[in-house]
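This report describes one protein chain, from its overall form down to single residues. Please look at the sequence and the structure before reading on.

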Amino acid sequence: MYTLGVDIGSTTSKAVILEDGENIVASSIVVATVGTAGVEEAVKNVLNSSKLELKDIKSVVATGYGRMNYDLADYKVSELTCHALGVHKEFPNVRTVIDIGGQDAKVISLAANGKMTNFVMNDKCAAGTGRFLDVMANILNLQIDELEIEALKSDNPANISSTCTVFAESEVISQLATGRNIPDLVAGICKSVAIRVAALAKRVGIVEEVCMSGGVAKNSGVRNAMSKELGVDIVFSKNAQLMGALGAAIYGFKKS
């Protein structure tokens, strides 16, 4: 039995086809703003890759920012539920999930069976989200995936004290003008995100194992800074950005 999970985020659309609730048959990540054809392209990619047709899919589950507008979905499910399911499949011993997306950050507490027991969310401010990193990368004339590389070169991370994206932008420009090097600024930016989200995490309580999911989890600069801020090791999957879509596909299997 095949199920399809789609995670329609604010900046990317992700799709996963799962076989019998276990094996990932195909996956796709398409960078596209919510409301565009990104989700259709992601679904087309996984169907082509798996050589399946939509009629072969038992259940379609949508999650993420744009889930309510996806008409092909049999179920529309909170990203909190889906990230919990996806992470639990990859890491059964994880008890705290930190998900940093394009427009928000979420921290989820899990029971031993993978059920969500508590959560806290920041969706009111761009600071501590992928959007914050996008803005900073643009200021520094870097691609988003170059932030990780630059952060690893730093010996002395800059202090980015502003918690507001607009003020932090001015602060970074000011430090650039005084000759602060790019690696230290990038490391400071990663640390700033970690400090913001770690404060969120401490509100629900940190129980190990701790996992980061979402696109920002791919940035080792942020992961390493988060680990230092929380004082714990952080586990990470190469499928970190697919956790929501994977969880959606698992949800579809459980409902079928």
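Six bridges join strand S7 (residues 105-110) to strand S8, and the two run antiparallel. Strands here are DSSP runs of E with at least two residues, helices are DSSP runs of H or I with at least four residues, and both are numbered from the N terminus. Two strands count as paired if DSSP finds at least two bridges between them. Within this pair, Ser 109 stands opposite Asn 118 in S8.

The model is predicted, so local features need pLDDT of at least 70 and side-chain atom pairs count only at pLDDT 80 or more, while totals for chains, interfaces and linings use all residues. Residues are numbered from 1 along each chain as its sequence is written, and side-chain values use heavy atoms, with hydrogens and water left out.

**The sheet.** S7 and S8 belong to an open sheet of five strands in the order S8-S7-S6-S9-S10, with mixed pairing. Strand S8 (116-122) and strand S10 (234-235) stand at the edges; each has a single partner strand, so one side of each is left without a neighbour in the sheet. Strands of a sheet pair through backbone hydrogen bonds, either parallel or antiparallel.

**Lys 106.** This residue lies in strand S7. Is Lys 106 buried or exposed? Lys 106 counts as buried because its relative accessibility is 3%; buried means under 20% relative accessible area, exposed over 50%, and partly exposed in between (1.4 Å probe, protein chains only). Its side chain makes a polar contact with the side chain of Asp 104 at 2.9 Å. A polar contact is a pair of N or O atoms within 3.5 Å; within protein, one must be able to donate a hydrogen and the other to accept it, and residues adjacent in sequence count only if both atoms are side-chain atoms. Leaving aside residues up to four places away in sequence, Lys 106 touches several residues, among them Glu 79, Leu 80 and Val 120. Contact means heavy atoms within 4.5 Å.

**Helix H2.** Glu 79 and Leu 80 are among the buried residues of H2, as are Cys 82 and His 83. Ser 78 caps the N-terminal end of H2, with a side-chain oxygen 3.0 Å from the backbone nitrogen of Leu 80. The twelve residues of H2 (residues 79-90) should span 16 Å at 1.5 Å a residue, and the end C-alpha atoms are 16 Å apart, which agrees. The expected span is 1.5 Å times one less than the number of residues.

Most residues other than glycine have a negative phi, and most peptide bonds are trans.

The peptide bond from Glu 208 to Glu 209 is cis, with omega near 0°. Glu 209 sits in the loop between helix H6 (182-204) and strand S9 (210-213).

**The whole chain.** The chain has eight helices and ten strands. Of its 256 residues, 54% count as buried. Its C-alpha trace spans about 60 × 35 × 30 Å along the principal axes.
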